[in-house]
Amino acid sequence: MQTDLLSEARRQAEICNACRYCEGYCAVFPALHRERAFSDGNLTQFANLCHNCRGCYYACQYTAPHEFDLNLPKALAELRQHSWKTHAWPRRFADLFDRSGMLISVGLIVCFGLFFALVQGMRPESGAGFYAYMSHGLMVAIFLPAFLLPLLTIAISLRGFWRTVGGADLRLGDLWSALKSAGRMKNLEGGHGDGCNFEDEDRFSHARRHFHQAVLYGFLLCFASTSTGTVLHYVFSMQAPYGIFSLPKLLGVPGGILLCVGTLGLAGLKLRADSELGAPKAWGGEMAFVLLLFTVAATGLILYAATGTPWVNWLLPIHLGSVLTLFLLTPYSKMAHGFYRMAALTQEAGAMRRADSTQAHMSLGKEERR
Amino acid sequence: MKAGPDTYDLVVVGGGNAALCAAITAAEAGARTLILETAPKPYRGGNSRHTRNFRCMHSGPLGPLTESYSEDEYLADLMKVTDGKTDEHLARLAIRTSEECLPWMEQHGVRFQPSLSGTLSLARTNAFFLGGGKSLVNAYYRTASALGVEVLYEAAVTHLELEGDTVTRVDFTHEGDRKSVSPKSVVVASGGFQADTDWLARAWGPAAKNFLIRGTPYNRGIVLADLLGQGIAQVGDPTQCHAVAIDGRAPKFDGGIVTRLDCVPFSIVVNKNAERFYDEGEDVWPKRYAIWGRLVAAQPGQVGHVIIDAKSLDLFMPSVFPPIRADSVEELAEKMGLPPEKLRLTLDAFNAACGDTSGFHPTELDGVTTSGISPPKTNWARPICEPPFYGYSLRTGVTFTYLGLKVNERAQCSIGDRAVTNLWAAGETMAGSILGQGYLAGFGMTIGTVFGRIAGREAAAHAN
């Protein structure tokens, strides 16, 4: 299976390297054109640099029915999905990627059941807000390991990935350049700044880029909200619930709204896009992941709105259950893509830096060409 | 067709760059326009799909172009490659108008990028399309559609009915039916005839059956033949075409840019009898790859074989198909179907004729030459002796033909001594009106854009 994916990606990359028309679209092509032959590590790196903007597919002279049958976005999407499985840790969990849609559903039900039972069975004597339903200590006891363990496994996976793609010295400058690229989703801008092709064949639009950034920044705001809450709790001994003009709420409410808008937008685009230009088998899992993120954000907002009503009895387990599912499945779901993407962008920044310093030949040949 | 057959102001025959420029220009002038594209949608755009740049005059930095490129310099470049066989009046018109075309192209959705890797020498003269010609074609179809231009794919025009000096009817087949439409104006922009290898063979002799066609299989010259058969004025020599030497393993049609091979200057090239036949080091490859199309066409079987050794493998752009590899010259000959002893003799003679190679420089005319051998190799002549050895086959790849419709400065066709009142032509189908032979990179797109816009403007004015 893996050799098939790699050899198909290699076959296509070799055609791309002889053509080079797509050079301006994204980071994949300059990286590809630096090589003459492609190692498995090169191909894995290209796969994780590819943002599936599809610009190259619609511009390609060699897509089916042409006998070269190029579909680079698909070849790289399938290899990308596979590379996450290859680097998953522990190894025996690798197949979870193929079932992440089902896993998310089951996870939601189990986690919801767990919290519902806890809320019913271990209701604290005292406490305000959510803590009236579940003690702070119990929440921390569940969520701290559920947050840290996945991060640990991701870190182990990334170390393996870094080795595979031939990552050399890690410099802060490279990381900064990767952050800048991800921060504005440069690779979905299309080189000309008109955006990417996704939901309407070869029409360029910023829809996917904007919705993705709503999700990214929404998630980061929610994360910041939780972090500030933790600081308020432990450092300033200020306990939840917090008022609307507190940091956790000022960050969390806009974050939750952005996440809702972004996830719904992405789900809508995904329904309209051609699934044959991605990894078709991963479609269900990706969609489930987007909807899980939506559930986390929406239940969080509704929960806030329902403060003080009996609905909290139900809403709190749903919200905490979805958050726990998200955390636990981070290393084995689409959530992992962010970590691999950052690693690939960092590696590419380093490779560019090294290539600049050894500016090679290669101005041969193609000049008077039509 | 949404409307009745008599309601179109303009029918454009063809669906590439020139056709789209004509359709867009006419639609903007208010003409109700129908494009009849013979290819299915994935193959729409004719040879424009395979293009990638636009040669453009400019008096100062313009879009992606640096410095300036004057009308006279542009014309001089053109005269050099065509050996003076150029209609100077129309060439100057194309060159002068190219400057206003570039912003027009951008306004209509085309996006440019800095020169591609390996093409830096063109940064001043040629504007490259981001994503290549197919992305340009996509952008124009989007623009045309927004302007209300209708497009029929797999609509093969079979005949233009001519009554006196007016086209009265356009016949075509679509979805298995014969259909007709009677527009006020017609623009023909359906390319040359190179995909009709029988026609090529009539012009070239049977050798043409072995040629590869670099571009679309849909340029079969059906409309061109129909019009010439009715006495529409013709221009160009039927044996003239833009032909280059490409990888012999390329597909028969539509191989496009990736089938190019840049290794000839570092090689010896032999025919199927393992004999050398031309100076492989005459000039840098970009200036010579076009003549090799004809050189290979003149060899038995219309095939050449390039032989290099290990030290040259990384000196040229990667090829789409890997080279044939062998540890000895004899083994390579076996694999390539060449007589091994003869290849050994040819190679030994060549190697013995090589002299001091210390001045070898892969990107410049280095004067590292052979002595006492015919034909000589006058640059980059290094012995081919370091295993493994690598081989490629070379075949003639035809880009487009020059026989076409003769037009005037208004892109209008003529019959006898008078203009056809409602027929214009643009793109490769009339490029012979400007170029007699030879080719200048990016000039085909210039002709298509300039004359497509002129044809669209004139056709719309006539309809109104």
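Me: What share of the 464 residues of chain B counts as buried?

Reply: In this predicted model, 56% of them do. A residue is called buried here if 20 or more other C-beta atoms lie within 10 Å of its own.

Me: How does the radius of gyration of chain B agree with a compact globule?

Reply: A compact globule with 464 residues would come out near 23 Å, and chain B has 24 Å, so the two agree. Along the principal axes, its C-alpha atoms fill a box of roughly 75 × 50 × 40 Å. As for contacts in chain B with a separation of 6 or more, 76% link residues 24 or more positions apart.

Me: Which strands pair with strand 1 of chain B?

Reply: Strand 2 (residues 33–36) of chain B pairs with strand 1 in the parallel sense over four bridges, with V13(B) opposite L36(B). Getting from strand 1 to strand 2 of chain B, the chain passes through helix 1 (residues 17–28) of chain B in a right-handed β-α-β crossover. Strand 10 (residues 185–188) of chain B also pairs with strand 1 in the parallel sense over four bridges, and there V186(B) is the bridge partner of V11(B).

Conventions: Residues are numbered from 1 along each chain as its sequence is written. Chains are lettered from A and ligands numbered from 1 in the order in which they are written. This is a predicted model: local features need pLDDT of at least 70, side-chain atom pairs count only at pLDDT 80 or more; totals for chains, interfaces and linings use all residues. The radius of gyration is taken over C-alpha atoms; the globule rule is 2.2 Å times the number of residues to the power 0.38. A residue is buried if 20 or more other C-beta atoms lie within 10 Å of its own, exposed if 12 or fewer, and partly exposed in between; C-beta atoms are placed from the backbone. Two residues are in contact if their C-beta atoms, placed from the backbone, lie within 7 Å. Two strands pair if DSSP finds at least two bridges between them. Helices (H or I, at least four residues) and strands (E, at least two) are DSSP runs, numbered from the N terminus. A crossover is right-handed if, with the strands pointing away from the viewer, the path from the first strand over the helix to the second runs clockwise.
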